[in-house]
Amino acid sequence: MASLDDIADKESSARLRDRLIEDERYSMAIYTCKKSKIYSFPVWNAWGHALIRVEPYAQARVKFKQAFQLYKGDPTPVIPEIINELEGSPPVDVPAVRSMYEHLAKSAPTILDDSADSYLNVLYMTSTFPRSEKSRQSQEISNPQYSSNSEFDDGPRSNLDNMRYIECINYFKEYARQLMLGFMFRHGHYTDACMLFFPPDGIPPQPLSLPLASDYGTIDELCDLCVGYGAMGILEDIISARVSMTASQDSAVSQYTASALASICLYCETHRLFNFLYRFQSLMPSLAPGMYPDHGLATDLPK
């Protein structure tokens, strides 16, 4: 129970606010902040995180909007905490669950179905159920749909469903666009990430001081990620598609594509990625002569 001493000064009020946050009494914490005229960002921020954990995402967005209206400074450092919340999951008493499954494992000789095997796989524990293991293997052999899909083996598997992924993108777009590119690569959305720099029939917003940069980063940063995640082929396909439509594009779009292509070639040459350099240089003759800025790049292709 709060007393008058709890709001005798701003320091006492802040301690009361923090206690109310710990008790998840957010409305009362906001009321305390208003009456005592103290900083209420911690309350709105904690309230937003609490809502994310129980998944009313639209309500969480409202709370975070309130929080950032009050935030004193650049909100960019706060966004990763929200993203981590969306990427995470509710806490689980893992030791207790493991103990239960170990008890199941000891009872293996009496278990004649696949259910125990699937339980153990949840925590990546080695199966001790010979019959169920043989049953699962025979299913994989007889029915290809049980086998792992090879299209997921070439890149990282995202732990986010579509709804949570879109929520993350919304926060990045609103508050921290410069963090969005790495996030998209980390979750395997390579094409969408490249399209940030090459939107269909358009040019991304660019700072005046950096003509080939965007709110999401630079061409070099895009190339770094494409090389790191093995996605240069995707970038090549996107550039190739834009180059093939040059005749029907606005001149500014064509000029941007040519400049970006020249920068990608310079990146490949600088980093001695000669195979990629040849492939991107091969797209240059498809563009009108004179479009390329002078980067000191040799554009003559091997005969």
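Predicted model: local features only at pLDDT ≥ 70, side-chain atom pairs only at ≥ 80, totals over all residues.
As for handedness, H1 passes H2 in a left-handed crossing. On the H1 side, the contact is made by Lys10, Ser13, Leu16, Arg17, Leu20 and Ile21, while H2 brings Tyr26, Met28, Ala29, Thr32, Cys33 and Ser36. Sort these by class and you get seven nonpolar, three polar and two charged residues.

Now move along to helix H5 (residues 79-87) and helix H9 (residues 162-175). Here the axes come within 10 Å and cross at roughly 175 degrees, so H5 and H9 are roughly antiparallel too. From H5, look for Ile79, Ile82, Ile83, Leu86 and Glu87; they meet Arg164, Glu167, Cys168, Tyr171, Phe172 and Tyr175 in H9. This contact has eight nonpolar and three charged residues, with no polar ones.

Finally, the core. The largest nonpolar core has 69 residues, and Phe198, Leu235 and Phe280 are those with the most contacts inside it. Phe280 is a handy one to click on. Setting aside neighbours within four places in sequence, Phe280 is in contact with Met232, Leu235, Glu236 and Ile239, and also with Leu261, Ile264, Cys265 and Cys268. Leu235, then, turns up both among the residues with the most contacts in the core and in the contact list of Phe280.

How values were computed
Residues numbered from 1 in each chain as written. Heavy atoms only, no water. Axes fitted to C-alpha atoms, helices over the stretch in contact; angles between N-to-C directions. Helix = DSSP H or I, 4+ residues; strand = E, 2+ residues; numbered from the N terminus. Parallel < 35°, antiparallel > 145°, perpendicular 65-115°, else oblique. Contact = heavy atoms within 4.5 Å. Nonpolar A, V, L, I, M, F, W, Y, C, P; charged D, E, K, R; others polar. Core = buried A, V, L, I, M, F, W, Y, C linked by side-chain atoms within 4.5 Å. Buried < 20%, exposed > 50% of the residue type's maximum accessible area, 1.4 Å probe, protein only. Left-handed = near helix turned anticlockwise from the far one by under 90°.
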